[in-house]
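Please look at the sequence and the structure before reading on.

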Amino acid sequence: DACEFMLKNKIDLIHSMDYKSLKPLTYLNLIFRKPIVFTKAGGPPSCDQIPSLSNFIVYSDELKDHYISSKLNLEKQKPKVIKARINFKNNYHTEELEFKGCIKIFVAMRLKNEKKGLLDNLFFELSQVYRIYNSVELNIAGGGELFSYYKKKADLICKKNNKIKVNFLGEITSNETINNYYKGSHLVVGHGRGILEPMAIGKAV
């Protein structure tokens with residue numbers, strides 16, 4: 001159970017990412033007296049009381065203002081705000097990219113188990129492509145334990161349809177390189193920051 005896990009792993013900090021986990025984690029905080037952090041990423045504010053916290057983090061000024069004025073925040077603790085970060089300096093609107101016989105698609109996503117649902121859907125859609133006039137070049141940036149699994153899937157798809165090419169780029173840590181792939185692609189597939197940045201330069205996502 002949770003208490004055994006806390007003891008076995010010598011946990012120093014308790015972090016709650018949603019309201020459902022906040023209440024049981026508060027009990028652990030009372031037992032073990034470890035700092036507790038609550039992160040409220042988005043969505044409507046809760047009607048539940050916010051317990052004593054070491055840190056309270058929200059992702060918007062609207063949520064911060066709600067909890068400052070609300071009677072639900074027991075200690076009237078001022079939440080810290082972490083805003084979504086998009087570097088507009090490198091993400092300026094670009095001219096529409098011509099097709100020139102090839103549709104270029106860019107995906108920046110880790111090839112890990114937690115992304116499997118998204119990646120399975122992507123490769124399923126790719127496998128359904130049959131009659132196309134242009135060729136398709138899919139560039140995937142990301143590494144992880146599912147690399148060989150999706151490499152095999154890609155090889156089968158490309159073998160059946162020679163108009164499809166899939167390039168696995170590995171993990172890319174350079175923002176400049178990522179931005180160049182955004183600019184050089186007709187379509188960007190992703191989530192979170194990985195679609196907000198290309199949207200900022202007028203790309204289809």
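## The sheet and its core

I140 stands opposite F168 in strand 7. Strands here (E, at least two residues) and helices (H or I, at least four residues) are DSSP runs, numbered from the N terminus. The model is predicted: local features need pLDDT of at least 70, side-chain atom pairs count only at pLDDT 80 or more, and totals for chains, interfaces and linings use all residues. Residues are numbered from 1 along each chain as its sequence is written, and side-chain values use heavy atoms, with hydrogens and water left out.

Strand 6 and strand 7 pair in the parallel sense over 6 bridges; two strands pair if DSSP finds at least two bridges between them. Strands of a sheet pair through backbone hydrogen bonds, either parallel or antiparallel. In this model, 4 strands form an open sheet with parallel pairing, in the order 7-6-5-8. Strand 7 and strand 8 (187–189) are at the edges with a single partner strand each, so one side of each has no neighbour in the sheet. On average, neighbouring strands of this sheet are turned by 20° against each other, direction ignored.

Helix 4 packs on the sheet and touches strand 5, strand 6, strand 7 and strand 8. Its direction makes about 155° with that of strand 7. Contact means heavy atoms within 4.5 Å. Axes are lines fitted to C-alpha atoms, for helices over the stretch in contact, and angles run from 0 to 180 degrees between N-to-C directions.

The largest nonpolar core has 18 residues, and F123, L138, I140, V166 and F168 have the most contacts inside it. Such a core is a set of buried Ala, Val, Leu, Ile, Met, Phe, Trp, Tyr and Cys residues joined through side-chain atoms within 4.5 Å. Buried means under 20% relative accessible area, exposed over 50%, and partly exposed in between (1.4 Å probe, protein chains only). At least two residues of this core come from each of strand 5 (102–108), helix 4 (116–127), strand 6 (135–141), helix 5 (147–160) and strand 7 (164–170). Helix 4 gives the largest share, 4 residues. Leaving out residues up to four places away in sequence, L138 touches I105, V107, L126, K165, V166 and N167.

In helix 3 (residues 61–69), the buried residues are L63, K64 and Y67. They lie on the same side of helix 3, because they cover an arc of only 100° around the axis. The arc is that of the directions from the helix axis to the C-beta atoms. The face turned away from this buried side carries the exposed residues E62 and S69. Helix 2 (19–32), strand 2 (36–40), strand 3 (55–58) and strand 4 (80–81) are among the elements that cover the buried residues of helix 3.

| Residue | Phi | Loop |
|---|---|---|
| K10 | about 50° | between helix 1 (2–8) and strand 1 (14–16) |

K10 counts as exposed because its relative accessibility is 69%. R33 is exposed as well, with a relative accessible area of 59%.

How many disulfides are there? The count is 0 disulfides, a disulfide being a pair of cysteine sulfur atoms within 2.5 Å. C3 is partly exposed at 27% relative accessibility, and C158 is partly exposed at 22%.
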